[in-house]
There are 2 protein chains.
Amino acid sequence: MISKNLLKYIHSLQLKKFRKTHNAFLVEGAKSVTELLESDFQVQTVLTTADFVQKNNFLFKNPSFECYIITEDELAKAGTFQTNDAALAVAAIKPNDPVYVQGNEYVLMLDDVRDPGNLGTIIRIADWYGIKKIICSEQTADWYNPKTIAASMGSFTRVKGYYCKLDEYLKQAESIPVYGAFLDGENIHHVRFPEKGIVVMGNESNGISAELGRKISHKVSIPAFGKAESLNVAIATAVICDNIRRFA
Amino acid sequence: MISKNLLKYIHSLQLKKFRKTHNAFLVEGAKSVTELLESDFQVQTVLTTADFVQKNNFLFKNPSFECYIITEDELAKAGTFQTNDAALAVAAIKPNDPVYVQGNEYVLMLDDVRDPGNLGTIIRIADWYGIKKIICSEQTADWYNPKTIAASMGSFTRVKGYYCKLDEYLKQAESIPVYGAFLDGENIHHVRFPEKGIVVMGNESNGISAELGRKISHKVSIPAFGKAESLNVAIATAVICDNIRRFA
């Protein structure tokens, strides 16, 4: 059992407004909570089942967080998952510290990717391809939305997000090649990617805004062989990252 | 206005059981309905708004289907979308006719891909990469689930699905190279793909079943550069198709 007040607090974190007020967010499910507890995030509270504690005893040896054992039903009621037989955690949001391209690395830049599921999937893709930083426009989906966290499958613990005005960011990054995904750019199968760069992905419906587009030095495209008009933004991100990793 | 009976019939098509009984399925939204009306699917009924008819007059010049003009609100109530300012259609399900690898082509094979959103996204990816046929295990998500149709973004009109026992299918395809996505296969960046083949993608949680795995001649993997444990099955499908298209 947990108190009504705690339950109310946890429910409130489903909304961005309250995540901001409390500077805290939700993490749900076995894989995500395990990765959270092994990360440098500051964990405040964990709700978990006796079975999960038994199987993952090492995570709970010396807890620096409040920890409640509850039932699966209570767990599902507390969070956003339809079922949850493992755990739910509340952790502190990290400060929005700027990140820069350092040495030979690629970073992603998202121009109003609105769907939290797409953002979470992109975080997971970045982590797969060893990309550690994602620059997000202020209208991009919230990094700490429960759907973003769930879709990232624990990768939110390894990839850093930074929200800012993208055109201003690019001003200070003048020496870095900027690649943007368009429907009429150079075929990525023919691009010789350098050792570092920024890869810009656009909004689900409108792509990269015209204004930002003018600041992109290299327009690239995924070649089409059939008749679909476009690819989902997360799919396109993965294909571009895979092409970059043939070189850099 | 439409009759209560028609509304009830349309609602029933959200469930596979009733899609089977009536041999009919739902298509929602401007892009999907436009592609449907331009395809060879047999369309039975279209509900649409006056605005959509005005903008897409050519689709309604000589309709061979029942066509009702209704409001956006009624449209949303009839279908599964939260909002729909365009159209909803009912069309006949095509027979489950076998498809084969003919000449130099690639086909996809899905071993229990359970999520209709993933299946729809894979149909869209196949269409992008010019793959026209997808062989699905009987436990794969339903091709005609409204979520599959929505995620395919109209590509369901161009890609054919065939549900069957995969091991039996592979018996009659003995001369075709079979590639399967595993976590410990050959790096796809180094695979020299031939002109034709079957690409097998596995279940979201368990990958390709052990039994089917024994029938796969070429195990391939997407190289990882970071720490994510896996990629979503639709993401992996896109990356593999992109690598195949460098050759075939």
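How much area is buried between chain A and chain B, and what share of it do carbon and sulfur atoms give? The area is about 3000 Å², and carbon and sulfur atoms give 61% of it. Buried area here is the accessible area, taken with a 1.4 Å probe, that two parts lose on being put together, summed over both. In chain A, the residues that lose the most area to chain B are Arg124(A), Trp128(A) and Arg246(A), together 26% of what that side buries.

Before I continue, a word on the model. It is a predicted model, in which local features need pLDDT of at least 70 and side-chain atom pairs count only at pLDDT 80 or more, while totals for chains, interfaces and linings use all residues. Residues are numbered from 1 along each chain as its sequence is written, chains are lettered from A and ligands numbered from 1 in the order in which they are written, and side-chain values use heavy atoms, with hydrogens and water left out.

Let us turn to the two copies.

Next, the interface. Contact means heavy atoms within 4.5 Å, and 32 residues from chain A and 32 residues from chain B take part. The copies meet through the same surface, because 100% of the interface residues of chain A are also interface residues in chain B.

One pairs Glu229(B) with Lys31(A), with the closest N and O atoms 3.2 Å apart. Helices H6 (116-128) and H10 (233-244) of chain A are the elements that give two or more residues to the side touching chain B; helices are DSSP runs (H or I, at least four residues) and strands likewise (E, at least two), numbered from the N terminus. H10(A) gives the most to that side, with six residues.

I now move to helix H3 of chain B, residues 30-37. Is this helix mostly covered or mostly uncovered? The helix is mostly covered, with six of its eight residues buried. Buried means under 20% relative accessible area, exposed over 50%, and partly exposed in between (1.4 Å probe, protein chains only). What covers those buried residues includes strand S1 (24-28) and helix H4 (50-55) of chain B.

An α-helix has 3.6 residues a turn, so residues three or four places apart point the same way. Glu35(B) counts as buried at 13% relative accessibility, whereas Lys31(B), at 23%, counts as partly exposed.

Arg19(B) pairs with Asp142(B), the closest N and O atoms being 2.7 Å apart. Arg19(B) lies in helix H2 (residues 16-22) and Asp142(B) in the loop between strand S6 (133-136) and H7, 123 residues apart. Both Arg19(B) and Asp142(B) are buried.

Technical notes:
Salt bridge = Lys/Arg side-chain N within 4 Å of Asp/Glu carboxyl O.
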